Amino acid sequence: MNKKKKNIKPKNEKKVEKNIGKKVEKKSENKKEKSENIKLKKILNKYGTHLIFLVLIIAILIIGSITIGFKKVVFILLGVLLLAGILAFINKSRKKKLKNKDQKEKIEKSTKTSHFKLKIFLLIVFILGIIGFALMSVFFYLVVKSANPKYDTKKLYNQESSIIYDRDNNIIAELAFEKREIVTYEELPEVLVNAIIATEDSRFFQHNGFDLLRFTKASIGQLLGRNAGGASTLSMQVSKNRFTSTEAEGFEGILRKFQDIYLSIFKLERDYTKKEIIELYANSFYLGGSSYGVEQASKTYFGKSVKDINLAEAALLAGLYQSPSALDPLVNPDGAETRRQTVLYLMELHGYITAEEREVAKQLTVKTLLKNNETSDSKAYLAFINTVIKEVETRTGLNPYYTSMHIYSTMDAKKQAYVDKLMYTNDVIKWPNPLADAGVAVLENGTAEILAIGGGRNTVALGYNNATDINKQIGSTSKPLYDYGPAIEYNNAST
């Protein structure tokens, strides 16, 4: 009998079928991937612009919250979005009015190309924005990291004195913030508080330690080479004088400025009330005439406590904050008077005084306001001490009055005492009149060390120094260098 043959497929055919199945599966997978990519592209084409805007808005919210506050940033963004919505609505309404199909087609083509260009532009902006945001994040991290260790509240009122030594290691001066007379906010007259705010920080009670409008105005003014006023608020000035430094140049200057902004917003303004910050400001600064703080300055210039001063006197004190050494009324009464008039103008501008009050205060000039006596502080070694303090500030960026340090100088006490006697009395030479002045620097020939300084006959603390600050031609001093020396050396001239 013939048996039916089983329909058995060869092994090779099974392998072929399996391979075909796999290829079909791969094709289907590829099709799925392509369809998914197409869908993703469609989503990006449709919502890419929105995503870019969303990321930019988030970045603006973060940066804006740090600088001007969350509420202000939200308010500004809502205004911009509202304006953009109005413009989009106007554009749509204009399209509806076009009846001609050809015009519509042209507009659609142009809008497509413009949309494409816009997307490329937004993509570039987005990439640059991400890079900029990353760099800003790193910079702000550096600001916070470097600023936090500097915030030591003990520096506000409690610190050790800085000590200056002469060449023989004898103490010649002790500099300390505590030596000034501290006054509370309640003891400050309202007229002085108003004068300080009108002159130094007119929106002090409105901002959170950083005034963005003022900062922007000052920055633009500096870029244009104009004097647009200072950008620092009262809080930032306290931070600069008590925690950071006076560095103003290069990257260090920029870093210091943002450290002051950070410390003002997140430290001072959170730990202290506005009144306490004004109290710190009034007591912290050097105000000329060997005086630190408004109480000492008031007694030095007017012979009375600060709580008893009038409008004219308050305007003088408030004006000294700009440049206490240059505007010291004992040394430069004309400059102090000009600044005082500016303060009165600003007080009227901001509504703190009337035009009549300003006019009355203008009549009392600086010369009539000052008491007829010099500062009570001793002038012994003062010119040399001034020179030391300025050099320390130049080298370190720190003020010895605010930062405790031991300073070893090259001063010879005997020579300095003789120079002081020469400058302040008629015992060594007879000065012809009160206007006659001089500047003296005594050097060690072998080492060029400065042994004594005579800064002038009317030397005051941190004031103008005839020996070190004068910027005139050296005159006959140059003759031995350029004439006599070469003549003797090369021409055998007689001495």
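Ile277 sits in helix α9, which spans residues 274-284; helices (H or I, at least four residues) and strands (E, at least two) are DSSP runs, numbered from the N terminus. The model is a predicted one, in which local features need pLDDT of at least 70, side-chain atom pairs count only at pLDDT 80 or more, and totals for chains, interfaces and linings use all residues. Residues are numbered from 1 along each chain as its sequence is written, and side-chain values use heavy atoms, with hydrogens and water left out.

The relative accessible area of Ile277 is 0%, so Ile277 is buried (buried means under 20% relative accessible area, exposed over 50%, partly exposed in between, with a 1.4 Å probe and protein chains only). Leaving aside residues up to four places away in sequence, Ile277 touches Phe204, Ser235, Val238, Leu268, Glu269 and Tyr272, a contact being heavy atoms within 4.5 Å. Leu234 lies 43 residues from Ile277 in sequence, and the two C-alpha atoms are 7.6 Å apart in space.

## Salt bridges

The whole structure contains 14 salt bridges, each defined as a side-chain nitrogen of Lys or Arg within 4 Å of a carboxyl oxygen of Asp or Glu. Glu269, one of the residues that Ile277 touches, forms a salt bridge with Lys274 at 3.2 Å, N to O. Glu269 is buried at 16% relative accessible area, and Lys274 is buried at 17%.

Lys304 and Glu313 form another salt bridge, with their closest N and O atoms 2.9 Å apart. Glu313 counts as buried at 5% relative accessibility, whereas Lys304 counts as partly exposed at 25%. A salt bridge also joins Lys390 and Asp469 (3.1 Å, N to O). Lys390 belongs to helix α15 (residues 382-396) and Asp469 to the loop between β5 (450-454) and α17 (479-491), so this pair ties together parts that are 79 residues apart in sequence. Asp469 is partly exposed, at 29%, and Lys390 is partly exposed, at 26%. Glu181, Glu295 and Lys299 are linked in a salt-bridge network.

## Packing of α12 and α13

Two packed helices are described by the angle between their axes and the distance between the axes. Helices α12 (residues 333-349) and α13 (residues 355-363) pack at an angle of about 170°, and their axes are 9 Å apart. Axes are lines fitted to C-alpha atoms, for helices over the stretch in contact, and angles run from 0 to 180 degrees between N-to-C directions. The angle makes α12 roughly antiparallel to α13 (under 35 degrees counts as roughly parallel, over 145 as roughly antiparallel, 65 to 115 as roughly perpendicular and the rest as oblique).

On the α12 side the contact is made by Arg340, Gln341, Leu344, Tyr345 and Glu348, and on the α13 side by Ala355, Arg358, Ala361 and Lys362. These residues divide into four nonpolar, one polar and four charged; Ala, Val, Leu, Ile, Met, Phe, Trp, Tyr, Cys and Pro count as nonpolar, Asp, Glu, Lys and Arg as charged, and the others, Gly among them, as polar.

## Chain totals and confidence

The protein chain has 17 helices and five strands. Of its 495 residues, 36% count as buried. Among contacts with a separation of 6 or more, 65% are between residues 24 or more positions apart.

The average pLDDT of the chain is 81, and 78% of the residues score at least 70; pLDDT is the predictor's confidence in each residue, from 0 to 100. Over residues 1-6 pLDDT stays under 50, and the model has zero contacts beyond four places in sequence for them. Residues 373-377 also stay under 50, with six such contacts.
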